[in-house]
Amino acid sequence: DIGYVRVVTFRAGTAAEVREHLERLQQRGVHKLMLDLRGCAVGEASEAVDTTRWLLEKGLITYLEGQRFPRQEFKADPSRAFWRGPVTVLIDTSTAGAAEIVAAALLEYHRAEVIGEASYGVGSVQKLIPLDDGSALILSVAKYYTPAGRAIQDTGVEPSIVVEAARDLDAEAEFAPLERPPLESDPVVQKALEVLRAKSLAPAA
């Protein structure tokens, strides 16, 4: 009764792809989810927000704000939330950017246990300013914030359950294909399984 989905990057179309996997899991009678965001370091914030909407019924997911950048809020949509079973999110030191938006929102609303190691901390909008000599200056003009008001760029995401990754795993063994997690050799997955097995199927508050 535990499903596994790994997101490698939040490229265009990722949110829709994640939904397809979640729907397939539900059709098979699976109601508990392990969302693996380890090593996910690139992607679009909009895809992360939409992915979070599948799992979170209400509340602020993230907001974007800068000194001269008006605040933009991204909220959950009750009509789009359809996965109501227990969730764990796996992160590590290579989890960054869009993936941190997902992990932080689910963590701060107590929608999921976030398991692993503190994430990298990347979450800003940058502006490219060309210079006369052909070079360019890149300025961060706004930052993404967690629902509680923490700048992801400054703090990253601290897991609710800290588990160190197995450093002796090679890149191919560390991450299995979608819906097929590594087991015996992966302490983070083992902890997530332990947490999910202890969870009831009562809908999240």
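Q: What makes up the secondary structure of the chain?
A: The chain has 6 helices and 9 strands, where helices (H or I, at least four residues) and strands (E, at least two) are DSSP runs numbered from the N terminus. The model is predicted, with local features needing pLDDT of at least 70 and side-chain atom pairs pLDDT 80 or more, while totals for chains, interfaces and linings use all residues. Residues are numbered from 1 along each chain as its sequence is written, and side-chain values use heavy atoms, without hydrogens and water.

Q: Why is helix H2 called roughly parallel to H3?
A: Helix H2 (residues 45-55) and helix H3 (residues 98-108) pack at about 30 degrees, with axes 8 Å apart; axes are lines fitted to C-alpha atoms over the stretch in contact, and angles run from 0 to 180 degrees between N-to-C directions. Angles under 35 degrees count as roughly parallel, over 145 as roughly antiparallel, 65 to 115 as roughly perpendicular and the rest as oblique. The pair is therefore roughly parallel.

Q: Which residues in H2 meet which residues in H3?
A: Ala 45, Ala 48, Val 49, Thr 52 and Leu 55 in H2 meet Ala 98, Ile 101, Val 102, Ala 105 and Leu 106 in H3, a contact being heavy atoms within 4.5 Å.

Q: Why is His 110 called exposed?
A: Buried means under 20% relative accessible area, exposed over 50%, and partly exposed in between (1.4 Å probe, protein chains only). His 110 has 73% and is therefore exposed. His 110 lies in the loop between H3 and strand S6 (112-116).

Q: How much of the chain is buried?
A: Buried residues make up 48% of the 205 residues.
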